[in-house]
Amino acid sequence: MLIEKARIKIGDLKEKKDFPFAPLEAIGPNLSGWGVVETSLLLPQSVCLMVGPLACLRHSAFMAHARKFYDRFYMLPLEEVDIVMGKHIPKVKAAMAEIIKKESPKILLLSGTCCDHILGTEYKEAIKEIKEEFGVEVIYLVMAPLTIGLKPSPFEMAYTALYAYLKDKRTREDKKAINILGTFLPLEEESELYSLLKQAGCERIYQIPTCREIEDLNEMASASLNIVVHPLGRILAEKMKKEMGINYVFVPTSYDFEEVERNYKRMEEEFNVNFDLASLKKQAKEKIETASELIKDKKVTVGCSINGSCFELAMALVRYGAKLKAIFARGPIKSFEWEYIKWLQVHSPETYVYNISHPYLGEDLRVFDEIEIAFGVDAGIYCTQAVNIPLSRYQAQRYGYENIIWLFEEIEKNLANPVSNYDWIYKHNLLI
Amino acid sequence: MELYHYLLPLPSGYFGVSSVLYDLGGLVVVYGPAGGAWHINIEDEPRWYRNKATVLGAGLLEMDVILGKDPAFVERIATVANDLKRCFVAIVGTPVSSIIGVDLKGLAKAVEKRVGVPVLCINTTGAETYLEGAERAFLALAKTFMQPPTQKIQKGINILGAIHLDMGNPSHLKPLFSLIQEAGWEVVSCWSMGSRVEEIKRAACASLNLVIGRSGLKLAAFMYENYGIPYIIGLPVGEKMGKELVQLLAGKQTTLSKKEGKKKAVIIGEPVIGYSLKRCLQAEFGLKAQVISILPFDALFAENKGCIGSLLERDEGDVYTTSEAEIAALINQPEINLIVADPCYERLIKGHKHFIPLPHTAMSARFYWEMDYEYIGRVGGEYLKKQLEVVR
């Protein structure tokens, strides 16, 4: 069966090279990273100008329209010959000037594409001139799928673009301020993590998506700690640690009770406090007790479009009583995920790990007919008979025990009123 | 300065290639980073959903580009083509393959030696419009697969220029098929929505071609030159144009009486559809209309050898432009009362204008794929009538 080439039993997945190799790429934009332009536009009072061939611009334009941020997004189509000869730079400069005059942004994000990446286009001079003429911060980033799978990935590069802005802004350390890095939709003020951080003495908590003014963004440079809840924020945190002296703790969004406990333990050590977790734990335990019946012995799969690690969620689901049949992953597997894989090798060794971008995956979907619940829109594409639960970063951002409760609430809601995978993709635009 | 802000940039060449080849049971390899194929599948090609792999990305990475690992990709493409047993392979270029100067022809030849099916090389760059990609793909298909006719089908017709980027959901073509069949004609092939390679192979048996999209014009000329098949240009919108098409199929020239009122409409989109709508608005609803074509249209009105009839008539005011600023200026002229266009263009309107939504996949990708609208035949006329009643 062709499908055998697209999968491996998790028991046999010992190292990076064991992950099934996709000779050509089938699908993927939902995978692991975030939209480059969308991520960069998390910066407040910013507009983005993307420059490149028509083909590259259309994708970002589609996302801008699907997510309705096109009012802050401009595109300048360029001919390859101009890019190769460097003739496009005056055009790009003129476009930057035109947009700044029209929109008066505080930050202009200039985004190049693979073409600029390959040719090493040098926009420094044009950017310097624009900064001098208009007094606007200009940050250059690149949307280069050529670098997918590399470190940093294009998504990490986009997120890390913030560093270019922050690096000169640290003039003091605010002991009562911390940053949460890696949120797309923000954690709410009333959330569990906020209340615990306040218990720990954090009076000012910053997230990029909650910065309304550029002044809020400036304050992020003064923080005393970065809490990284998604791997995407890790490179930025590393840079801020190395160059600005801001320490960080990596505590990724988790669905498993023990993992949540472990993350809070790390934070307690960092702040040298004991969080009051008793009632939060109780609520989560009660939810697990009442709702885990819904997935007990159910055949489930997990895709990598969920908010979090597909391996971590897979581990959590096995612990909550589900029968884990498959994980749809995309390489390279992140270093912190191997720990979950090792656990699954012992407790669910027959689970298959599929390369989500493998071209043979769609050849015979009957393989997945037994699946009852598919977590992640990407898993839902293949599991045609399953109830699809997206757990998408475009739906909500939860953390800690609240994230476990959210998981079960989503299970309850979707089992009671299923939404088709088609509708999640084509009506709710959860797959871009 | 051609800045895009409220509109999406048009699909580029390899999107056009994909649109032509998608239904034919082949494998289309977009020779660039993974993103190229993803964009097509997820955004522009709803036929992708839960179907077998058709458009795949080569998945070039930085080091592949720097080191030029083409031989490795030849093996990969051949492996997948052989495993998936598709009836052809097409290799199409992207901005990356263009910039680094990949020898796509050589690559295609090397793949062809390793697979037992034809390999089409379509050298797009990602900077041209989808029209160019679609035209090249149609010609590549014709040159590769069309066979001399064993027997002519007297009332056999091919439909040319049917690409989903212009026509939208394939269901919109049903009224056209019905009209042709009711007129006693047999559709030999449809290039290329709904047809398979077998039908493409026997297309030369047809005695007439109907060009319903700008992308089919070069193919029509090719078929006339090589197989002597004449063609008609246009899409019947509304009952009157339906009858007109039937007359043309019967070899009779017709003129449609047009009423012209004071109201002025603008139609934005693909030119064959745009001009056909214009004719319908004039003939059935007494509206003066101007076409803003997002593809070049001069060739539709040139002295075309083999063209034996057309439903299209141009006026001086009709323009070809893809400029967002120019389109905005044109539709906001005070004398314009009505705009018929993809919903994305509505964002360009300042003040109040009547707007009839007519999705164009080449503009809005899959956003309106399932919207309830029609533009061909009697149901197309009814849709316009209903919309006009709303706006009046």
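Predicted model: local features only at pLDDT ≥ 70, side-chain atom pairs only at ≥ 80, totals over all residues.
Chain A was considered at the level of domains. The domain assignment divides chain A into domain 1 (2–28 + 291–426), domain 2 (36–152) and domain 3 (177–271). The C-alpha centres of domain 1 and domain 2 of chain A are 35 Å apart.

A sheet in chain A was examined next. This open sheet has four strands, in the order β7-β6-β8-β9, and the pairing is parallel. Strands β7 (204–207) and β9 (247–250) of chain A are at the edges. Each has a single partner strand, so one side of each is left without a neighbour in the sheet. On average, and with direction ignored, neighbouring strands of the sheet are turned by 25° against each other.

The pairing of β8 with β9 can be followed in detail. Strand β8 of chain A covers residues 225–228 and pairs with β9(A) in the parallel sense over four bridges. Within β9(A), N247(A) is the bridge partner of L225(A). A helix also packs on this sheet. Helix α10 of chain A, residues 234–244, touches β6 (177–181), β8 and β9 of chain A. The direction of α10 makes about 155° with that of β9(A).

Helix α1 of chain B spans residues 13–21, and helix α2 of chain B spans residues 35–44. Their axes come within 11 Å and cross at roughly 60°. Angles of 65 to 115 degrees would count as roughly perpendicular, and those under 35 degrees as roughly parallel. The two helices α1(B) and α2(B) are therefore oblique to each other. The crossing of α1(B) past α2(B) is right-handed.

The contact between these helices involves named residues on both sides. From α1(B) come Y14(B), F15(B) and S18(B). They meet G36(B), H39(B), I40(B) and D44(B) of α2(B). Sorted by class, this contact of α1(B) with α2(B) has three nonpolar, three polar and one charged residues.

Technical notes: Residues numbered from 1 in each chain as written. Chains lettered and ligands numbered in written order. Heavy atoms only, no water. Axes fitted to C-alpha atoms, helices over the stretch in contact; angles between N-to-C directions. Parallel < 35°, antiparallel > 145°, perpendicular 65-115°, else oblique. Left-handed = near helix turned anticlockwise from the far one by under 90°. Contact = heavy atoms within 4.5 Å. Nonpolar A, V, L, I, M, F, W, Y, C, P; charged D, E, K, R; others polar. Pairing = 2+ DSSP bridges. Domains from an automatic or database assignment.
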